[in-house]
Amino acid sequence: MSSIKSGEKAEKPLKWWQLSLLGVACTIGTGYFLGTGLAIEMGGPAVLISFMLAAFGTYVVFDVLARMTAEEPIKGSFRSYAKKAYGGWAGFSSGWVYWSSELLIMGSQLTALSLFTRFWFANVPMWIFATGYAILGLLVLLAGTKGFDRLENLFAVLKIAAILMFLAIAALALFGVLEGRTHQPRLPVEAFFPTGVLGLWSSLIYAFYAFGGIEIIGLMAIRLRRPEEAPMAGKVMLGLLTTVYVLSIGLALTLLPWKAFHSNKSPFISALENYHVPYMTQIFNGVLIIAGFSTMVASLFAITTMLVTLAEDQDAPPFFARRMMGNRPIPALGLTAAGMVMSIMLALFMPGSIYEYFTTAAGLLLMYNWLFILVTSGRLLDLTGWGQFKRYLGMALLLLAVIGTLAHRTSRPGFYVSFIFVVLIGVLTFIMQFIRRKGNPKDPSPANEQGFKSFPAKIKSKAD
């Protein structure tokens, strides 16, 4: 597989700060604005520890992904590196697990967008809003990568502006300038672990989910003007995200008791409603919709890009690699649209619990992929002792987040959903391997399938 095709080189190259901004746009979404409510319900104020642990785990994953990208930027990113490291089965399973995770993320985004919109139109069924947002998202992708970049950059600025606005209002309330209706600001130190270690453990998956999106930056990194700047882009992005997340959640927990937050309402809206600030909740709710739509479009981009890559590499029907209507992947978008229809149908039949199920299952499938990124890096990167320690620690945190979903009745069904996806993909992987080996009995080694060349040597990691 060539590193970058000529058609991709024709796209406008990105500077590192542009990639960082796109990373913020693709990451800050309903996993943060709404999913945080789930984390607070489970862990209380201790959720701040969950977010700091998740930030470190996310940094470890992106760090090794950025190093592999800087050495050899190739289409398909982590999925292609998995195939280089372990052969065809790894590329096939990694690509389809990621495709499945993004499909579930789209479902959770559509559900969250509908919940946010019902803040204004409480009597309108959720599926109507979900359908409208799905159509708008597909139209954005049909506009091409240029329109996608511009829209996501605009959304990134709006999201950061909204969070800064919330921080300013929270600071005014904290210093007594604004008076609360039912509760006065108070540091949540008296009952920091109200649900114990088990609650903290259960909340970890939702903290990781709020950072979901870094793998999309891996897919976009092939467009960097200087691929070696991928690690810098990731560090700036994650530093900004971690600071924003911890500060805003900490202030929200200061403005209201943790029991006042619920999973079906953004904790930031709940905190703002306690203060006399005209139209602020209305404005912030509008920003939540923008944020959710932004990450939904990013998921659409990722799922379509991955499907095209799988089809080009014969890990999906070649039909999905075809481009029409001005070089647009219409067949891949068609399958994505079918997945969105399924999500909308689920929103129609399970409006009460679907967000929790989708969020947990999507987060878990992402964690499985992140785990495989770390496993892959162990074979492709020549890490120092400190680098290996970070890699194993990151893997331990991801496994803790996965297992923690079994400890709470809200997240447990999502674990079972993710397990079903993994089993189905595992069966398909076995079938594909059997077919390929039968068709090429002289070369049964999966590491040599599809003409993949192995790295001539491990990549020397110089900055662990």
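**Figure 1. Lysine 83 and aspartate 315 are both buried.** In this predicted model, the two side chains meet in a salt bridge, with an N to O distance of 3.4 Å. Lysine 83 belongs to helix α6, whereas aspartate 315 sits in the loop between α14 and α15, so the contact ties together parts that are 232 residues apart in sequence.

**Figure 2. Aspartate 315 also forms a salt bridge with arginine 79.** The closest N and O atoms of this pair are 2.2 Å apart. Arginine 79 is in helix α6 and aspartate 315 in the loop between α14 and α15, so parts that are 236 residues apart in sequence are tied together. Both aspartate 315 and arginine 79 are buried. For arginine 79 the relative accessibility is 0%.

**Figure 3. Arginine 79 and aspartate 313 are joined by a salt bridge.** The N to O distance between their side chains is 3.1 Å. Helix α6, which holds arginine 79, covers residues 78-86, and aspartate 313 lies in the loop between α14 (280-312) and α15 (330-349), so this pair ties together parts that are 234 residues apart in sequence. Aspartate 313 has a relative accessibility of 8% and counts as buried.

**Figure 4. Arg79, Lys83, Asp313 and Asp315 are linked in a network of salt bridges.** The structure as a whole holds six salt bridges.

**Figure 5. Glutamine 314 has a positive phi although it is not a glycine.** The phi value is about 65°. Glutamine 314 is in the loop between α14 and α15, the loop that also carries aspartate 313 and aspartate 315. Glutamine 314 counts as partly exposed, at 48% relative accessibility, whereas aspartate 313 is buried and so is aspartate 315.

**Figure 6. Helices α8 and α14 pack with their axes 10 Å apart.** Helix α8 covers residues 126-142, and the angle between the two helices is about 55°. The helices α8 and α14 are therefore oblique to each other. Their crossing is right-handed.

**Figure 7. Helices α10 and α17 cross at roughly 115°.** Helix α10 spans residues 196-210 and helix α17 residues 385-404; their axes come within 7 Å. At this angle α10 is roughly perpendicular to α17. The crossing in which α10 passes α17 is left-handed.

**Figure 8. Alanine 156 and leucine 22 have C-alpha atoms separated by 7.1 Å.** The two residues are 134 residues apart along the chain. Alanine 156 is part of helix α9, residues 145-174. With a relative accessibility of 0%, alanine 156 counts as buried.

**Figure 9. Methionine 165 and methionine 280 have C-alpha atoms separated by 9.5 Å.** Along the chain, the two methionines are 115 residues apart. Methionine 165 is in helix α9, the helix in which alanine 156 is also found. Methionine 165 is partly exposed at 23% relative accessibility, whereas alanine 156 is buried.

**Figure 10. Threonine 117 and alanine 130 have C-alpha atoms separated by 9.8 Å.** These residues are 13 residues apart along the chain. Threonine 117 is found in helix α7, which covers residues 88-117. Threonine 117 is buried, its relative accessible area being 5%.

**Figure 11. A nonpolar surface patch has an area of about 800 Å².** The patch is made by Phe419, Val423, Val427, Leu428, Phe430, Ile431, Phe434 and Ile435. Valine 423 lies in helix α18, which covers residues 412-439. The relative accessible area of valine 423 is 38%, which makes this residue partly exposed.

How values were computed. Residues numbered from 1 in each chain as written. Predicted model: local features only at pLDDT ≥ 70, side-chain atom pairs only at ≥ 80, totals over all residues. Heavy atoms only, no water. Salt bridge = Lys/Arg side-chain N within 4 Å of Asp/Glu carboxyl O. Helix = DSSP H or I, 4+ residues; strand = E, 2+ residues; numbered from the N terminus. Buried < 20%, exposed > 50% of the residue type's maximum accessible area, 1.4 Å probe, protein only. Patch = residues over 30% accessible without salt bridge, like charges linked within 9 Å, V, L, I, M, F, W, Y side chains within 5 Å. Areas by Shrake-Rupley, 256 points an atom, 1.4 Å probe, with all protein chains shown as cover. Axes fitted to C-alpha atoms, helices over the stretch in contact; angles between N-to-C directions. Parallel < 35°, antiparallel > 145°, perpendicular 65-115°, else oblique. Left-handed = near helix turned anticlockwise from the far one by under 90°.
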